[in-house]
Amino acid sequence: MPLLDHFHPPLSTHRHWESFHTTWASAIADALNEKWLPEGYFAEEQLQPSARVEIDVATFEERDQWAGGGVAVAPKTAWTPTSPTWTMPGTLPEGLEVLVFSGEGGPTLVGAIELVSPANKDRPATRRAFAAKCASYLHQGIGLIVVDAVTSRSANLHNELIRLLDQPATFQQPAAMQLYAVAYRPVRRGGDDLIEIWPAELQIGQRLPDLPLWLGPDLVVPIHLETTYTSACQRRRLSP
């Protein structure tokens, strides 16, 4: 299913982007739970009030069962990500699973997928707030994917994040790139804190890429944006 422009006519006058993005987030969470995540992990979509709406897909670990060397993948995935395009310095904590959402020993957040909204790109303050949230995930060792298919605002939130992290322009995307998806892996290697980055350009009318979602130092699952986007379009009766 080629990527559609959900923010301009004719589609924007017939379908609400908020509904579609909610459906896409649900499709991603369903695929994680049904196909990609190993036992002991679960994903859920989260609706957060903001200027309009913001969708997150969060992945949680319920118990510690993955250890040892090598790259572990969820059962039935047999998938290995490509090498990262960029590796930049990062400041990370000692552990990779640190954000616990319950004082009663509840699940631990280990991965997040952000579907960018127009409100995220609207003003300098909201762009910086979005970048700050992403930086917080990375500094806590949480694997992250950002997907920006918003055509109604001109801003690159990946570049905003790189500037916030005080990294050189070497790690920025071209200024003209407005639609993109990026995966980030915070990792400690050889005593150094690093952030590995997998950027991909999105284009209206083209298929979407696969990206790695890192849930720990040795655990990665694939996020097939194309199949989840197609599922969301089918649920909302959208066609090219």
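Hi everyone, let's start with confidence: the protein chain has a mean pLDDT of 84, with 83% of its residues at 70 or more, where pLDDT is the predictor's confidence in each residue, from 0 to 100. This is a predicted model, so local features need pLDDT of at least 70 and side-chain atom pairs count only at pLDDT 80 or more, while totals for chains, interfaces and linings use all residues. Residues are numbered from 1 along each chain as its sequence is written, and side-chain values use heavy atoms, with hydrogens and water left out.

On to the overall layout. The protein chain has four helices and 10 strands, taken as DSSP runs numbered from the N terminus, with helices (H or I) of at least four residues and strands (E) of at least two. Reading from the N terminus, the order is α-β-β-β-β-β-α-β-α-β-β-β-β-α. Of the contacts between residues at least 6 apart in sequence, 69% join residues at least 24 apart. The chain has 240 residues, and 54% of them are buried; buried means under 20% relative accessible area, exposed means over 50%, and partly exposed is in between (1.4 Å probe, protein chains only). The accessible surface is about 10900 Å², and carbon and sulfur atoms account for 50% of that; these areas come from the Shrake-Rupley method with a 1.4 Å probe, and for residues only the protein chains shown count as cover.

What do the buried residues of H4 pack against? Their partners are H1, E6, E7, E9 and E10. Those buried residues are Leu225, Glu226, Thr228, Tyr229, Thr230, Ala232 and Cys233. As a reminder, an α-helix has 3.6 residues a turn, so residues three or four places apart point the same way. Tyr229, leaving aside neighbours within four places in sequence, is in contact with Met1, Pro2, Leu3, Leu4, His6, Phe20, Trp24 and Leu208.

Glu114 is found in strand E5 (residues 108-115). Is Glu114 buried or exposed? Glu114 counts as buried because its relative accessible area is 0%. Its side chain makes a polar contact of 3.3 Å with the side chain of Lys133, and another of 3.4 Å with the side chain of Tyr137. A polar contact is a pair of N or O atoms within 3.5 Å; within protein, one must be able to donate a hydrogen and the other to accept it, and residues adjacent in sequence count only if both atoms are side-chain atoms.

A few backbone points, too. Pro9 and Pro10 are joined by a cis peptide bond, with omega about 5°, and Pro10 is found in the segment before H1. Asp166 is not a glycine, yet has a positive phi of about 60°. Asp166 lies in the loop between helix H3 (157-164) and E7, and is exposed, with a relative accessible area of 69%. Just after H4, Arg237 takes a positive phi of about 55°; Arg237 is exposed as well, at 74% relative accessibility.

Last, the cysteines. How many disulfides does the structure hold? The count is zero, with a disulfide taken as a pair of cysteine sulfur atoms within 2.5 Å. Cys134 is buried, at 2% relative accessibility, and Cys233 is buried at 1%. Thanks, everyone!

Technical notes
Contact means heavy atoms within 4.5 Å.
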